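User: I would like to go through this structure with you. Please back each label with its cut-off.

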Amino acid sequence: MTARPVPNLSADLCGLNCPLPILRTKKALAPMQSGELLQITCTDSGTPTDLAAFCKQTGNELVEAWQEDDKFIFLIRKR
C-alpha cells in the first residue's frame, strides 16, 4: 500500500452542513498554488457527492476520498 501524499493545507469542516463545506473548500483553495494539495475533513454525508461535482465543475482534481468512522476525508489538487 502506498502512502498518501502530504497535503499543503488541511481544513477541518466537521459539523458544517451543506453548502458550507463546499464554500469553505472553495475559500481554502483560493490562495493555494496550482498543483498544491488540500485535505478536507467533514461529517456532512452529502459532501462526497457535492465535492465530486464541485471538483468536476471547477477543474480541480479529487485525488482521493475515504471515510474514517463518521468522517469523510478528501484530497484535492488545485488546478
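Analyst: Start with K78. K78 is buried yet has no salt bridge. The nearest side chain of opposite charge, E36, is 7.4 Å away. This is a predicted model, where local features need pLDDT of at least 70 and side-chain atom pairs count only at pLDDT 80 or more, while totals for chains, interfaces and linings use all residues. Residues are numbered from 1 along each chain as its sequence is written, and side-chain values use heavy atoms, with hydrogens and water left out.

User: What makes K78 a residue without a salt bridge?

Analyst: A salt bridge needs a side-chain nitrogen of Lys or Arg within 4 Å of a carboxyl oxygen of Asp or Glu. For K78 the nearest side chain of opposite charge is 7.4 Å away. Lys and Arg count as positive, Asp and Glu as negative; His and the chain ends are not counted. "Buried" means under 20% relative accessible area, "exposed" over 50%, and "partly exposed" in between, with a 1.4 Å probe and protein chains only.

User: Which backbone oxygens does the side chain of K78 reach?

Analyst: A polar atom of the K78 side chain lies 3.0 Å from the backbone oxygen of A30. The side chain also reaches the backbone oxygen of M32 at 3.0 Å. A polar contact is a pair of N or O atoms within 3.5 Å; within protein, one must be able to donate a hydrogen and the other to accept it, and residues adjacent in sequence count only if both atoms are side-chain atoms.

User: Where is K78 found, and what does K78 touch?

Analyst: K78 is in the segment after β4. Leaving out residues up to four places away in sequence, K78 touches residues including L29, Q33, S34 and N60. Contact means heavy atoms within 4.5 Å.

User: How do you know that E64 and R4 form a salt bridge?

Analyst: Their closest N and O atoms are 2.8 Å apart. That is within the limit, so the pair qualifies. E64 is in strand β3 and R4 in the segment before β1, 60 residues apart.

User: Why are E64 and R4 called partly exposed?

Analyst: E64 has a relative accessible area of 26%, and R4 has 36%.

User: How many salt bridges does the rule give?

Analyst: The count comes to two. R77 and E61 also meet in a salt bridge, at 3.5 Å from N to O. R77 lies in strand β4 and E61 in strand β3, so the pair ties together parts that are 16 residues apart in sequence. R77 is partly exposed at 29% relative accessibility, as is E61 at 42%.

User: What makes β3 and β4 a pair?

Analyst: Two strands pair if DSSP finds at least two bridges between them. β3 and β4 have seven, in the antiparallel sense. W66 stands opposite I73 in β4. Helices (H or I, at least four residues) and strands (E, at least two) are DSSP runs, numbered from the N terminus.

User: How do you know that β2 and β4 pair?

Analyst: β2 (residues 37-42) and β4 (residues 71-77) pair in the antiparallel sense over six bridges.

User: What is the order of the strands, and why do β1 and β3 count as edges?

Analyst: The open sheet of four strands runs β1-β2-β4-β3, with mixed pairing. β1 (9-12) and β3 (61-68) each have a single partner strand, so one side of each is left without a neighbour in the sheet.
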